[in-house]
Amino acid sequence: MSIGTEMQNTPFPEMVRTLGIGIAEAQYELDLVSLKIARMMAGYAPDPEPEEGQPAPPPASPPERNMLVKLGDGNEYSLLELGFVPTFYQFVDTLIELKLSISMSRETNFSRSSTQVNASVSGKVGFFSASAKMSVSSVSASYSSKYQYSAEGSSLLRTKLVPVPAPAVLEERIRSMIAATMTEAPDNP
């Protein structure tokens, strides 16, 4: 197994894809929360949250402006009418840092030693002569192999979330809805 193979097995595209989807989903949730806050700041009660696994209940029709601030002049105002604006957040900087250290080593040792002993004997008795030769070899072989593998990993995910102004179109639309509601209410001074 080579280091190149290990680097290819690291799921970088999957990590980047998962991060992108996670940021998009988180941004969507942040926007929903900011819109709910804008609705409350306009004086409308938040829609009831559905129970887990249940469909969302239908919103009250028409919605009532009952989250107003009564001031000393006797009039009631929404936070938007008093100049407050909802805060929206945006992911502006995301960083993935991945440190990967892979080390491999392979060591092979082979040694061989041999000893050879030669002996020869010859002799003569009368008519007969005889000779013998003998050769003895001793072989000592050793083989050792070492294989080491170590892998280290570290990861860091950092994202920066900053407040951004509410979209001007949203503020304008909410203000026009408030103005329309106030002109329709006959008991509003």
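Hi everyone. Let's begin with Gln 27, which touches Tyr 89, Gln 90 and Phe 91, leaving aside residues up to four places away in sequence. Before I go on, please keep in mind that this is a predicted model.

Is Gln 27 buried or exposed? Its relative accessible area is 17%, and the cut-off for buried is under 20%, so Gln 27 counts as buried.

Gln 27 sits in helix α2, so let's look at that helix next. With 30 residues, α2 reaches 43 Å from its first C-alpha to its last, close to the 44 Å expected at 1.5 Å a residue. Which residues of α2 are buried? They are Leu 19, Gln 27, Ser 34, Ala 38 and Met 41. Just after the helix comes Gly 43, with a positive phi of about 105 degrees.

Two of those names, Ala 38 and Met 41, come back in the largest nonpolar core.

Last stop: the second largest pocket, which holds about 160 Å³ of space. What lines this pocket? Lys 36, Arg 39, Pro 46, Asp 47, Pro 48, Glu 49, Pro 50, Ala 56 and Pro 57 do. Sorted by type, the lining has five nonpolar residues, four charged and no polar ones.

Notes. Residues are numbered from 1 along each chain as its sequence is written. This is a predicted model: local features need pLDDT of at least 70, side-chain atom pairs count only at pLDDT 80 or more; totals for chains, interfaces and linings use all residues. Side-chain values use heavy atoms; hydrogens and water are left out. On a 1 Å grid over the protein atoms alone, a cavity is a set of points where a 1.4 Å probe fits but cannot get out, and a pocket is an open set with protein on both sides within 12 Å along at least five of seven lines; lining residues have an atom within 4 Å of a point. Grid points are joined across faces, edges and corners, and a volume is the space filled by probe spheres set on the points. Ala, Val, Leu, Ile, Met, Phe, Trp, Tyr, Cys and Pro count as nonpolar, Asp, Glu, Lys and Arg as charged, and the others, Gly among them, as polar. A nonpolar core is a set of buried Ala, Val, Leu, Ile, Met, Phe, Trp, Tyr and Cys residues joined through side-chain atoms within 4.5 Å. Buried means under 20% relative accessible area, exposed over 50%, partly exposed in between (1.4 Å probe, protein chains only). Helices (H or I, at least four residues) and strands (E, at least two) are DSSP runs, numbered from the N terminus. Contact means heavy atoms within 4.5 Å. The expected span of a helix is 1.5 Å times one less than its number of residues.
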